[in-house]
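Please walk me through this structure in plain terms.

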Amino acid sequence: QEQLVESGGGLVQAGGSLRLSCAASGRTFSNYRMGWFRQAPGKEREFVAGIDWSGTYYADSVKGRFTISRDNAKNTVFLQMNSLKLEDTAVYYCVAARRFSMDWTHGYDYWGQGTQVTVSS
């Protein structure tokens, strides 16, 4: 059974950094598009970053601050978050998509349970 498990969330001060990890299991995800979404309290879930064979793609709100990467040998995806802002506070979800699309923000088949990131002032 396919499973995505996030880790690395926590409490950090504004301006600080965190690195999220997503361990995938149940199949080899090396050919899948992988990504991260987030959901802040009272807000809709939003796309953060994605990575596949064609490259990477970021939401404008995190461009230049966040970096997505993957280690296919370990079936793991990372999200390095720098210069964190209060508005980055959210539950972050790891996602995977079987099919490639021009639309990075939809079409994900697998979702993790999420990890909480809280940025304090």
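In which sense do β4 and β9 pair, and over how many bridges? The two strands pair in the antiparallel sense, over seven bridges. Strands here are DSSP runs of E with at least two residues, numbered from the N terminus, and two strands pair if DSSP finds at least two bridges between them. This is a predicted model, in which local features need pLDDT of at least 70 and side-chain atom pairs count only at pLDDT 80 or more, while totals for chains, interfaces and linings use all residues. Residues are numbered from 1 along each chain as its sequence is written, and side-chain values use heavy atoms, with hydrogens and water left out.

Strand β4 covers residues 33–39. Opposite its Gly35 stands Val95 in β9. β4 also runs antiparallel to strand β5 (residues 46–52), to which five bridges join it. Within that pairing, Met34 has Ile51 of β5 as its bridge partner. β4 and β5 form a hairpin with six residues between them, and Gly42 in the turn has a positive phi of about 75°. Six of the seven residues of β4 are buried, so the strand is largely enclosed by the rest of the structure. Buried means under 20% relative accessible area, exposed means over 50%, and partly exposed lies in between, with a 1.4 Å probe and protein chains only.

A disulfide is a covalent bond between the sulfur atoms of two cysteines; the cut-off used is a pair of cysteine sulfur atoms within 2.5 Å. The structure holds one, formed by Cys22 and Cys94 with their sulfur atoms 2.0 Å apart. Cys22 lies in strand β3 (residues 18–25) and Cys94 in strand β9, so the pair ties together parts that are 72 residues apart in sequence. The torsion about the S-S bond is about -80°, so the disulfide is left-handed. Both Cys22 and Cys94 are buried.

The loop between β8 and β9 holds Thr89. This residue counts as buried because its relative accessibility is 19%. The side chain of Thr89 reaches the backbone oxygen of Leu86 at 3.0 Å, and a polar atom of that side chain lies 2.9 Å from the backbone nitrogen of Val119. Polar contacts are pairs of N or O atoms within 3.5 Å; within protein, one must be able to donate a hydrogen and the other to accept it, and residues adjacent in sequence count only if both atoms are side-chain atoms. Leaving aside neighbours within four places in sequence, Thr89 is in contact (heavy atoms within 4.5 Å) with residues including Ala40, Pro41 and Gln116.

Ser83 is also found in the loop between β8 and β9. Although Ser83 is not a glycine, it has a positive phi of about 50°. Its relative accessibility is 41%, so Ser83 counts as partly exposed.

Asn75, in the loop between β7 (66–71) and β8 (76–81), is a residue other than glycine with a positive phi, near 55°. Asn75 has a relative accessible area of 15%, so it is buried. Asn75 is among the residues that line the largest cavity, as are Phe29, Met34 and Arg70.

Notes: Helices (H or I, at least four residues) and strands (E, at least two) are DSSP runs, numbered from the N terminus. On a 1 Å grid over the protein atoms alone, a cavity is a set of points where a 1.4 Å probe fits but cannot get out, and a pocket is an open set with protein on both sides within 12 Å along at least five of seven lines; lining residues have an atom within 4 Å of a point.
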